[in-house]
Structure formats: C-alpha cells, structure tokens
Amino acid sequence: MTTNALRQAADEPPSGGREADLFSKFDPLIQTREQLLSTGITDPFGLVMEEVVSPTVAICNGRKTILLGTYNYMGMTFDPDVIAAGKKALDEFGSGTTGSRVLNGTYVGHRAVEDALKDFYAMDHAMVFSTGYQANLGIISTMAGKDDYIILDIDSHASIYDGCALGNAQIVPFRHNDVDALEKRLKRLPPEAGKLVVLEGVYSMLGDIAPLKEMVAVSKAAGAMVLVDEAHSMGFIGEHGRGVAEAQGVIDDIDLIIGTFSKSVGTVGGFCVSNHPKFEILRLVCRPYVFTASLPPSVVATAATSIRKLMHGKAKRDHLWVNSQKLHAGLKALGFTLGTEQPQSAIIAVIMPDLERGAAMWEALLHVGLYVNLARPPATPANMTLLRCSLCAEHSAQQVDEILGMFESAGRKTGVIA
Amino acid sequence: MTDRAETDARVKALIEPFNKKEIVVGDGTRFAQDLEWDSLTVLDFVANIEDEFDIVITMNQQAEIETVGQLVDAVGKLKG
C-alpha cells in the first residue's frame, strides 16, 4: 500500500469492517505533548538517571544533578544496614516468591516486616501489599460495599479514586480540607448506612496537611469509620514518625492507616495497619492482596530494617524540618509563589504561571543540575502547573543553599521571577 | 409555581455564575458539551446545588446526569 493510500484509509470513517482506532481518544494529549516538545524542550516525563550516587545526587544526561523530586524523605535507600539486609535475603531466599501472599508467597520476611509495622505504629494488625497503590485499591474497594458510602476529599490521590472505582460503594466528595463541607455531607446521609471517610495526612501536590483532629471528630460523631493515607508523612511527621494523625493527637481514633514503603522507607510496597479485631479477615477477601505476587524477599528485608531504624530517626526528622523551613523561606524571599503559606511537610510546591513556563523552568533547573517534579493537570488541583520540591533528611544545608541559587538563576532566565 | 418549576428556577440561578458563555439554559442544555464545564467546575457547582437543597448527589448519581432537565428531576427526587 502506498503512503497516500494509507493516509486516505486513515481519513475514512471506521465502517465496512475497518476497525475504529481506540487510540484516537488520546489525540488531544498527543497534540499537547507534540506542541510542547516541538519547542525543543527536554521531555519532562522521559528523564533517565544513569547513575545514582546517593539519596540526594544522581547523574542525569551525564550531569551531576541534585535530586529534589524524590520521595526519599529520610534518605534510607543507601543505608548500609538496609542494603546488607537486602543482600542477605537475596542470597538466602532468592530473587522472588512467585506466589500470592495467601498461597506460597508468605516467607518469614513478610511476617517480619508486618511485625516491624505493628511495632512502628503500636497497632495490633498490619497487612503488606505489593505497592501503596494496591493497598488503597484493596482496602477501599473491600471495606465499602454497595450500600455503603465513601466520603472523600476532592483532592484525593488517584489510588483512592481508583479504589472507589474498583468497588461499588456510593461516592461522596467534599471540598479540599473543608471540615464544614465534610460534616454537612455526613449529616445528609442515612444515619444507619455504613460510612468510610477517606483522608490523607499530607496532600502530595501542594504539600499541605489535613485538619485531621476536626475531621476525625465530625466523622466519629456521624458514626463513620476513618481511613487516613499517611504515605507522605510516615517517618517524618509526629513524635514517632507515625504521621499527621499522631502529630494532631487522633491516631487512636483512626480505623485504618494506609502507607507505603516507596517513600520514607526507601523501597517499594504498601500496607494497612489497624486495631480492628476483625482486621485479619481482609487477607482472604481483598482481591488486590490475593490475586498478585507478594514482594520479593530482598524488598521486605530492606523495608523491615528501614522501618526499625526510622523508629529512632528523631535527629533526621529534625534536620528535615530545618531543610523544609529553609527552602520554603528562601523560595518565598526570591519571589516565587508557593503552595502553602508556611512549610507543612517535606513537599514544597512552586506554582508556575502555565505549563509552557513550568516546563521551561523545569528544563532550566535540570541544565544547572537540579531535578524537581513537574506536575500538571489532571494530577494537580485547580489545573495548576507545579514544580514540586521534596526534601530529604540527607540534603545538607549547603545543598539547600545551592538549590536556592539554582532556582534564582533559572527563575530569572525563564521570567518566572523578576 | 409548581414544585418542579421552583426547583428549576433555583438550579438555573446556580448555573448562572458558571455560565461563562452566557448561553440560554433550558432542560436540554448539556453540562459538558453546551456549558463546556470541566470536572472542577462540575465539582464546585454540585457542591453549591447540594448546599442549596440540603442533599447529597453521589458521584455515581452524577454520572447519570447529562442535562439540566435531568438534574432538576434528580434534585426533585432527592429532596423527597
């Protein structure tokens, strides 16, 4: 077939036995991407790290780059004890389990990491999933049945929405962090109906925290159970690093805490901890737990070691707060618009005027040796384009100074600041 | 005024602040195609409707509502 014939075929309607192109629904996104990349800009979603030197430095495009866009908050990925535990498990238990947690995929290491979580949170039960995404998918879809209600913050993470979509409960969203909006909706629902309020400790796009104390109070008053995703606070926020619920003194009222190993813990995996006496039955009824392979032995060994070390991470936590405050104050002084008035977590979001300038600024930063996350709709609230900076306890004070200098030069070069 | 006419008037009053194109709104007006609302506008608008009528419109119910007329009927049912 000639090129012309092909072109003609593509223009014809999908009839007469010709297939409809299921990819055509992505055309607007393909166009946006092509438009952006045609300006000659580096693809912000195609970065490759050639070497990883430490939790805060990598080699990207042959250039030494400070990492300010990872979720390696506590810098555990190169901890010598963590690495040694992983190597030992790899030698002794092999590269993978090739099985479900409920069949042949539970090794002593899986139990050990669940024990570490129970100790870390001082809770009765812990259940480990293969990713944090699956933990939300599994717990949310399993806990709320057809006649139950899930009441969730509009800015909830994709994994929470996908957990709702996988189940068949009635979904009621409320305005972000609005206690009054939550309370009103709870009061309008049938008093006898089952209700699960789903909240996050830290909202990862803007780095703001939830008013959990007030939200848990109105939820309990309405007879709802409460799930809090503490993915971005574990290890860092709260006296023992248990998260925002601990920091606000309401952790004992939370029914289910969801977390991940892919942030402060420094590997991959997800979990749910709870004090509910019937919790263990979830292992048999939660499909994203049952119908997938369990984590490799080396992963659970690194996670267990890391979690136990995080229990004694006060010095690191304190340093991370210092970093967060310093970066926030410095960026504000340079004239950048930030996602929060005060630093509330290890995430500092710099709000860009639009996607074009956001991408230009992202590239300018990369060229001077700084990696941050470029976040754009639909991941962001209110159609914002963000440069999301996430700090690590291993960033030195000197690195934070360097980072501020890079933001200053890139910001002026791209016209984001005057 | 009938009950439906009254609901209809209150719904249309809440649409107006979001009616950026200033189109004429009738029963058949579609939120996505005619008013060209994105998902964030829909969320704000639904919150206003819920507060105005003291009801909850779940996302499951929202998925079934495409036009202004369908919304007025749904609100009528939900407020009982």
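Me: Which element is V322(A) found in?
Reply: V322(A) belongs to helix 13 of chain A. Keep in mind that this is a predicted model.

Me: Is V322(A) exposed, partly exposed or buried?
Reply: V322(A) counts as partly exposed, because it has 15 C-beta neighbours inside 10 Å. Exposed would take 12 or fewer, and buried 20 or more.

Me: How far is V322(A) from A393(A), C-alpha to C-alpha?
Reply: The separation is 9.1 Å. Along the chain, V322(A) and A393(A) are 71 residues apart.

Me: OK, domains. How is chain A divided?
Reply: Into domain 1 (39–74 + 314–414) and domain 2 (80–310). Their C-alpha centres lie 27 Å apart.

Me: How many residues of each domain are in contact?
Reply: Domain 1 of chain A brings 19 residues, and domain 2 of chain A brings 20 residues.

Me: Which elements give two or more residues on the domain 1 side?
Reply: Helix 13 (314–334) and strand 13 (347–352) of chain A. Strand 13 gives the most, with three residues.

Me: And how do the residues on that side divide by type?
Reply: The domain 1 side that touches domain 2 has twelve nonpolar, six polar and one charged.

Me: Now the core. How many residues are in the largest nonpolar one?
Reply: The largest nonpolar core has 118 residues. I150(A) and I151(A) have the most contacts inside it. Domain 1 and domain 2 of chain A each supply at least three residues to this core.

Me: What does I151(A) touch, leaving out residues up to four places away in sequence?
Reply: V172(A), F174(A), L182(A), R185(A), L186(A), K195(A), V197(A) and A224(A).

Me: What's in the second, separate core?
Reply: That core has five residues, among them V11(B), V68(B), L71(B) and V75(B).

Me: Back to chain A. Is M215(A) buried or exposed?
Reply: M215(A) is buried, because 23 other C-beta atoms lie within 10 Å. The cut-off for buried is 20 or more. M215(A) is found in helix 8 (residues 212–221) of chain A.

Me: What does M215(A) touch beyond four places in sequence?
Reply: V179(A), L182(A), L199(A) and A210(A). L182(A) is also among the residues that I151(A) touches.

Me: How far is M215(A) from H176(A)?
Reply: Their C-alpha atoms are separated by 12 Å. The two residues are 39 residues apart along the chain.

Me: Switching to chain B. At what angle do helix 1 and helix 2 cross?
Reply: The axes of helix 1 (residues 3–15) and helix 2 of chain B cross at roughly 145 degrees. They come within 10 Å. The crossing is right-handed.

Me: Which residues make that contact?
Reply: From helix 1 of chain B, R10(B), V11(B) and L14(B). From helix 2 of chain B, F45(B), N48(B), I49(B) and E52(B). By type, the contact divides into four nonpolar, one polar and two charged. V11(B) is also included in the second core.

Me: How many residues does each chain give to the contact of B with A?
Reply: Chain B gives ten residues and chain A gives 13 residues. On the chain B side, helix 2 (39–53) and helix 3 (59–62) each give two or more. Helix 2 of chain B has the largest share, four residues.

Me: What types are on the chain B side?
Reply: Six nonpolar, two polar and two charged.

Me: Backbone check. What is phi of D54(B)?
Reply: Phi of D54(B) is near 55 degrees, a positive value in a residue other than glycine. D54(B) is found in the loop between helix 2 and helix 3 of chain B. D54(B) counts as exposed, because it has 11 other C-beta atoms within 10 Å.

Me: And what about phi of A382(A)?
Reply: A382(A) has a positive phi of about 55 degrees, and it is not a glycine. A382(A) is found in the loop between strand 15 (373–375) and strand 16 (385–390) of chain A. A382(A) is exposed, with 11 other C-beta atoms within 10 Å.

Me: Last one. Where does A418(A) lie?
Reply: A418(A) lies in the segment after helix 15 (397–414) of chain A. A418(A) counts as exposed, with 7 C-beta neighbours inside 10 Å. The C-alpha atoms of A418(A) and K146(A) are separated by 54 Å.

How values were computed: Residues are numbered from 1 along each chain as its sequence is written. Chains are lettered from A and ligands numbered from 1 in the order in which they are written. This is a predicted model: local features need pLDDT of at least 70, side-chain atom pairs count only at pLDDT 80 or more; totals for chains, interfaces and linings use all residues. Two residues are in contact if their C-beta atoms, placed from the backbone, lie within 7 Å. Ala, Val, Leu, Ile, Met, Phe, Trp, Tyr, Cys and Pro count as nonpolar, Asp, Glu, Lys and Arg as charged, and the others, Gly among them, as polar. Axes are lines fitted to C-alpha atoms, for helices over the stretch in contact, and angles run from 0 to 180 degrees between N-to-C directions. A crossing is left-handed if the near helix is turned anticlockwise from the far one by less than a right angle, and right-handed if clockwise. A nonpolar core is a set of buried Ala, Val, Leu, Ile, Met, Phe, Trp, Tyr and Cys residues joined through C-beta atoms within 7 Å. Domain bounds come from an automatic or database domain assignment.
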